[in-house]
Amino acid sequence: MNIAFISAVLPVAVLLWFIYRKDKLNPEPVKKLVWTFVVGCFSVVPAMVMELILSVGMPSTPVLGGLYNGFVVAGLSEELCKLVLLMLVIWRSPHFDEYFDGIVYAVFLSLGFACVENVMYVTGSPDALGVALMRGLLAVPAHFLFAVTMGYHLSLAKFDPSNQRRHLLHALLYPVLLHGTYDALLMVSDNLGDSGLGMAVSGVLMVAFIVFDVMMWRWGMRRIKRMQERSREQDFDRTNPFDGFTWNV
């Protein structure tokens, strides 16, 4: 096992451990989590096929090309494949019984995807360690944060049947918007060229990218905390010995 492979897998392992440790109330079965991760690894295949098909309509201009590539080719393809497979794996599972579970399973599936993608990029690059460092700090955590958003809304859909369609739409729409914005800022910046104006606009886009990345972390951590709180309330309601008890005065 070479250093390039280890450096590609390490950030995935760190984030998997992070989210697993956050699931303190009723931890999910390890076998189910491993299976979800494996499904995420295989989700790369339909996503790549979909990306190849959608790439046919790629606009030739730098800005439109970057936006289309970010939001449609990458964002829509990858997040749609993740959501469909996530639904197949956990929607009817008896283990999906708490609000926080949606985030846990979404992260495991998404990081399965990110793991395969990261290994492909890192091991295929002449500067493996440099690519591993950049992707470990940016791309892999981005997939983690897209998954937190997806799992958050998937749990709302599961436990709020009256608004299920809206929450399911949000479980796809918001990750696509986050993913598309993340990729488009980088792709448009990269497409603008080396002219003075192009470099100036690229600089502005990179500042916007950094701000956006920080905001994604803030949103993600808030969603994690909110679902932990909802799971605690949910567990209390199940175990409350006074539930339904009426005091006679």
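Author: Rings of Phe, Tyr and Trp (for Trp, the six-membered ring) are counted as a pair if their centres lie within 6.5 Å, and the pair is called stacked with planes under 30 degrees apart, edge-to-face over 60 and tilted for the rest. The model is predicted, and for that reason local features need pLDDT of at least 70 and side-chain atom pairs count only at pLDDT 80 or more, whereas totals for chains, interfaces and linings use all residues. Residues are numbered from 1 along each chain as its sequence is written, and side-chain values use heavy atoms, with hydrogens and water left out.

Reader: How many aromatic pairs does the structure hold?

Author: It holds nine aromatic pairs. One of them joins Y99 and F159, which are tilted, with 4.9 Å from centre to centre and 50° between the planes. This pair links distant parts of the chain, since Y99 belongs to helix α5 and F159 to helix α7 (residues 139-159), 60 residues apart; helices here are DSSP runs of H or I with at least four residues, strands are runs of E with at least two, and both are numbered from the N terminus.

Reader: Which residues do ring pairs link into a cluster, and which charged end sits over the ring of Y99?

Author: The cluster consists of W91, F96, Y99 and F159, linked by ring pairs. A charge sits over a ring if NZ of Lys or CZ of Arg is within 6 Å of the ring centre and within 35 degrees of the ring normal. The charged end of R230 sits over the ring of Y99, 5.3 Å from its centre, and K82 lies over the face of F113, at 5.1 Å from the ring centre.

Reader: What span should helix α4 have, and what is the distance between its end C-alpha atoms?

Author: The expected span of a helix is 1.5 Å times one less than its number of residues. Helix α4 (residues 62-90) has 29 residues and should therefore span 42 Å, which agrees with the 40 Å between its end C-alpha atoms. The bend at a residue is the angle between axes fitted to the seven residues ending there and the seven starting there, and α4 bends by about 35° at G75.

Reader: Where does the kink in α1 lie, and which of its residues are buried?

Author: The kink, of about 30°, lies at V9, shortly before the proline P11. Helix α1 (residues 3-22), with 20 residues, reaches 29 Å from its first C-alpha to its last, close to the 28 Å expected at 1.5 Å a residue. An α-helix has 3.6 residues a turn, so residues three or four places apart point the same way. The buried residues of α1 include A4, S7, A8, P11, V12, L15, L16 and I19.

Reader: With which residues is E117 in contact, leaving aside its neighbours within four places in sequence?

Author: Contact means heavy atoms within 4.5 Å, and on that basis E117 is in contact with E78, R135 and H143, its neighbours within four places in sequence being left aside. E117 lies in helix α5 (residues 99-123) and counts as buried at 13% relative accessibility. Its side chain makes a polar contact with the side chain of H143 at 3.0 Å; such a contact is a pair of N or O atoms within 3.5 Å, where within protein one must be able to donate a hydrogen and the other to accept it, and residues adjacent in sequence count only if both atoms are side-chain atoms.

Reader: Where is T149 found, and what does T149 contact beyond its neighbours within four places in sequence?

Author: T149 is found in helix α7, where it is buried with a relative accessible area of 1%. Leaving aside neighbours within four places in sequence, T149 is in contact with Y174, P175, L178 and R223.

Technical notes: Buried means under 20% relative accessible area, exposed over 50%, partly exposed in between (1.4 Å probe, protein chains only).
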